[in-house]
Amino acid sequence: MDKRQSVTVKAARLVQKLPIGILRGVEWPFLLSTSVKKDSTPAIFVFALPRSGSTVTYQSICHGLSVNYLSNFWNLFYQLPLIGGWLSSKLATRHESDFTSQHGFVSGLGGPAEGLAFWSWWLGSGLSEEQKHVINPERIEKRASYLRQVLTYLGKQNAPFVSAYLGHSLVPDRVDMLFPGSILIRLHREPVANALSILKSLRQSNSNWFSIKPKECNGAEKGAEHFAVASQVYWLNKRLEEAKCSSRMLLISYEALCEDPRKEIGRIVEKCAKQGINVKYKFTLPSKFNCKKADLINNKDAIKIKEELDKLEAQYGELRKLFT
C-alpha cells in the first residue's frame, strides 16, 4: 500500500490547508530578542537529484547527528515555523531511523520530511519551473528573513537545521542568498545508475515523469523514456554545476556514503566545525548500506541511458567527473 494515500496522511493534508498562519503573532515575542548574524545561518542544505540517495543521506544525518530537521510533524504545521519547529525538536532528540522509505516518504511524525508544502510557502520553491503561482521576490525575502530568525532561535543549542528538499536543486543560488553562511552539501550519484533508478520509479508509478522537472526538460516526457530520464539527470546536474554557490558545496558521493556512512557523515561534521557550528553525534550509524550500480554490459536500459547521456554531453557539454 502507498503510505502517501493512507488515512493518516490524507488527514494531515487537510490540517495543512487550515489557515493557522493567523496565529503566527504568537511566535513574535519569542523572536524579538533573537539576533541574526548576517553571514551565519545555522542550517545545512542538501542538494540532490531524485533517486540519488537523498533520503538515506537525510536519514543518516538526522539519525547520526543532533540536529533540528524538517520532520513530518513540522511540515504539517509549516505555517507556524517556530511552534512547529520547537515541538519537532523534541521528536528529533529521540528519533532513531530504520532507514526505510517509500519514494522519499518516511513514515511517522518524527520522520524526516521532503517538505514540499513548507518550502513552496516559505521560499516559493516547487518541483517544477512551470508553477502557476509565482511568489513576489520581495515577499520571498520577507518570509526568508522571518525563517532565518526562527532557525537562529532553534539553533541556540548548537543544533543546526537540516533540509534535503529536492526542489532546492532548481534554485541553489536562491537558497544560498536567502540563508547566507549556511552549510551547502551536494549529493552526487553516478548518472547512469541515478537515471536507471528514476526509470524504475516511472514504470512502477505508470507515469511519464518523476519528481523535479527543470525547464530544460519541458517536453522531454513526450520522447522515449530513456531520453526523458537521461535529460532529467543531465540538466539537474548541470544546474548544480553551474550554480554560483557550487564552489562552496561539500561534495558527498552516494556510493561513498553507502560504503562508509560514518566516514561521510563525519565529513559533514568537520565542514560544520570549520564554519563555527559545533554538531554533536547522536546515534550510531550502520556500517554500510546497499548500493545498486549500473551494469553497462548486460542491462539494456542502462546501455540506452548511457547512449542518451553521451548525446546530451556531446551537444551541451560534458558533466564534471566528480568522483572516479
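Me: Why is Ser211 called partly exposed?

Reply: In this predicted model, Ser211 has a relative accessibility of 25%. Buried means under 20% and exposed means over 50%, so Ser211 at 25% counts as partly exposed. Ser211 lies in the loop between α9 (191–205) and α10 (225–241). Its phi is positive, about 65°, although Ser211 is not a glycine.

Me: What makes Arg203 and Asp301 a salt bridge?

Reply: The closest N and O atoms of Arg203 and Asp301 are 2.9 Å apart. The cut-off is within 4 Å, from a side-chain nitrogen of Lys or Arg to a carboxyl oxygen of Asp or Glu, so Arg203 and Asp301 qualify. The pair links distant parts of the chain, with Arg203 in helix α9 and Asp301 in helix α13 (residues 300–316), 98 residues apart. Arg203 has 43% relative accessibility and therefore counts as partly exposed.

Me: Is Lys213 buried or exposed, and how do you know?

Reply: Lys213 has a relative accessible area of 12%. The limit for buried is under 20%, so Lys213 is buried. Its side chain meets that of Glu221 in a salt bridge, at 2.9 Å from N to O.

Me: What makes Arg239 and Glu216 a salt bridge, and why do the two residues fall in the classes they do?

Reply: The N to O distance between the side chains of Arg239 and Glu216 is 3.0 Å, and the limit is within 4 Å, so the pair is a salt bridge. Arg239 is in helix α10 and Glu216 is in the loop between α9 and α10, 23 residues apart. Arg239, at 16% relative accessibility, counts as buried because buried means under 20%. Glu216, with a relative accessible area of 34%, is partly exposed. Glu129, Glu216 and Arg239 are linked in a network of salt bridges.

Me: How many salt bridges does the structure hold, and what share of the chain is buried?

Reply: The structure holds 13 salt bridges. Buried residues make up 53% of the 324 residues. The chain has 13 helices and five strands.

How values were computed:
Residues numbered from 1 in each chain as written. Predicted model: local features only at pLDDT ≥ 70, side-chain atom pairs only at ≥ 80, totals over all residues. Heavy atoms only, no water. Helix = DSSP H or I, 4+ residues; strand = E, 2+ residues; numbered from the N terminus. Buried < 20%, exposed > 50% of the residue type's maximum accessible area, 1.4 Å probe, protein only.
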